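Dear colleague,

Please find below the structure that I am handing over to you, together with its sequence.

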Amino acid sequence: MKRQKTFENNNPKLYLVATPIGNLEDITLRALNTLKMVDIIYCEDTRTSIKLLNHFEIKAPLHSYHLFNENEISEKIMHNIKSGMNVAIISDAGMPVISDPGWVAVRDAIEEEIEVVIVPGVSAGITALVGSGLNSYKYYFGGFLNSKKAKREKELEKLASKEETIVIYESPHRIEETLKIIDKIYGERQIVIARELTKKHEEYLRGTAKEMLEVVDTIKGEMVVMISGNDEKVDKDLSSLTIEEHYQYYLDLGLDSKEALKQVAVDKNVSKKDIYQVLFKNK
Ligand code: SAM
């Protein structure tokens, strides 16, 4: 077992720093301070990141780091840190490592007993999920699906039985094809597309895949696609549960006792007081 006490020494460290996904005001104070403090910053596309760094007057030298050269660059990063440098990794947008490079360096740093410091911030998938209106107590993050249509279809078939909300990243070039597959497999299931988040043309489309296909020509830019979970099983199960089991089900999902009680009352279409009575007063 290894234990990391992140801030108990002044050794040079590896920083994974989130950057905005559109609106520059989403950079955090801690991200700015960290990027100003480190000796070197690794990023995906130096042309993209230099704009961010110039905007915030950050002077650290920029080096590029891609998925295809992760191993080689990670070795360099470990060498930098061991020779006394604090190193940050950023991606073009959002949290590094999430559908972006950085994981290999995190793994290697842990192996080398170098502290890994996460400077969190916005991530497109989480931002989209929060605004989607779909059940967010549990979700499945699928990242990018396969770029080959047949493989993507297989992946979406596999996901169809999931009870959790499904969150995937999709490119505007593939969205029409993906919506057709979703329509075929998921039919009337509610989906939400969140596009251009935090930017001027931010938009949420909420409906069925068929409805989205009618306006697909207007669905452009960066987007997150979310598919509501398969709740057939949940609905059936919940109606056959006792109130105690029903309440426990929501506690297990992570709701606090007040929220769980409220949700049981909503599902059973009775007052919260009635549920409270059964759960606590009859004991
Ligand atoms: N690491 C990033 C994060 O934490 O959000 C994700 C990087 S991934 C390479 C890029 C994908 O994220 C895009 O293709 C899109 O699906 C999604 N994305 C990024 N910015 C977005 C935005 N402003 N609005 C909607 N989706 C966005």
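The notes below go from the overall chain to the ligand site, then to individual residues and a pair of helices.

Please bear in mind throughout that this is a predicted model.

Overall chain

The protein chain contains 12 helices and 10 strands. Its C-alpha trace spans about 65 × 50 × 35 Å along the principal axes. The chain has 283 residues, of which 44% count as buried. As for contacts between residues at least 6 apart in sequence, 69% of them join residues at least 24 apart.

Ligand site

Around the ligand there are 19 residues, and those that come nearest are Met95, Ile98, Ser123, Ala124 and Met223.

- Tyrosine 169 places a polar side-chain atom 3.2 Å from an oxygen atom of the ligand.
- Leucine 197 has a polar backbone atom 2.9 Å from a nitrogen atom of the ligand.
- Glutamate 196 has a backbone N or O atom 3.5 Å from a nitrogen atom of the ligand.

Leaving aside residues up to four places away in sequence, serine 123 touches Met95, Ile98 and Tyr169.

Backbone with positive phi

Serine 99 has a positive phi of about 55°. It belongs to the loop between strand 4 (87–89) and helix 4 (103–111). With a relative accessibility of 29%, serine 99 is classed as partly exposed.

Is glutamate 113 buried or exposed? Its relative accessibility is 60%, so glutamate 113 counts as exposed, the threshold being over 50%.

Helices 11 and 12

Helix 11 (residues 257–268) and helix 12 (residues 272–281) have axes that come within 8 Å and cross at roughly 115°. The crossing of helix 11 with helix 12 is right-handed. From helix 11, Leu261, Lys262, Val264 and Ala265 take part in the contact, while helix 12 supplies Lys272, Ile275, Tyr276, Leu279 and Phe280. By class, the residues of this contact comprise 7 nonpolar and 2 charged, with no polar ones.

Tyrosine 249

Finally, tyrosine 249 is part of helix 10, which covers residues 243–253. A relative accessibility of 25% places tyrosine 249 in the partly exposed class. Computed along the sequence, 148 residues separate tyrosine 249 from proline 101, and their C-alpha atoms are 37 Å apart in space.

With kind regards

Terms used: Residues are numbered from 1 along each chain as its sequence is written. This is a predicted model: local features need pLDDT of at least 70, side-chain atom pairs count only at pLDDT 80 or more; totals for chains, interfaces and linings use all residues. Side-chain values use heavy atoms; hydrogens and water are left out. Axes are lines fitted to C-alpha atoms, for helices over the stretch in contact, and angles run from 0 to 180 degrees between N-to-C directions. Helices (H or I, at least four residues) and strands (E, at least two) are DSSP runs, numbered from the N terminus. A crossing is left-handed if the near helix is turned anticlockwise from the far one by less than a right angle, and right-handed if clockwise. Contact means heavy atoms within 4.5 Å. Ala, Val, Leu, Ile, Met, Phe, Trp, Tyr, Cys and Pro count as nonpolar, Asp, Glu, Lys and Arg as charged, and the others, Gly among them, as polar. Buried means under 20% relative accessible area, exposed over 50%, partly exposed in between (1.4 Å probe, protein chains only). A residue is near a molecule or strand if one of its heavy atoms lies within 4 Å of it. A polar contact is a pair of N or O atoms within 3.5 Å; within protein, one must be able to donate a hydrogen and the other to accept it, and residues adjacent in sequence count only if both atoms are side-chain atoms.
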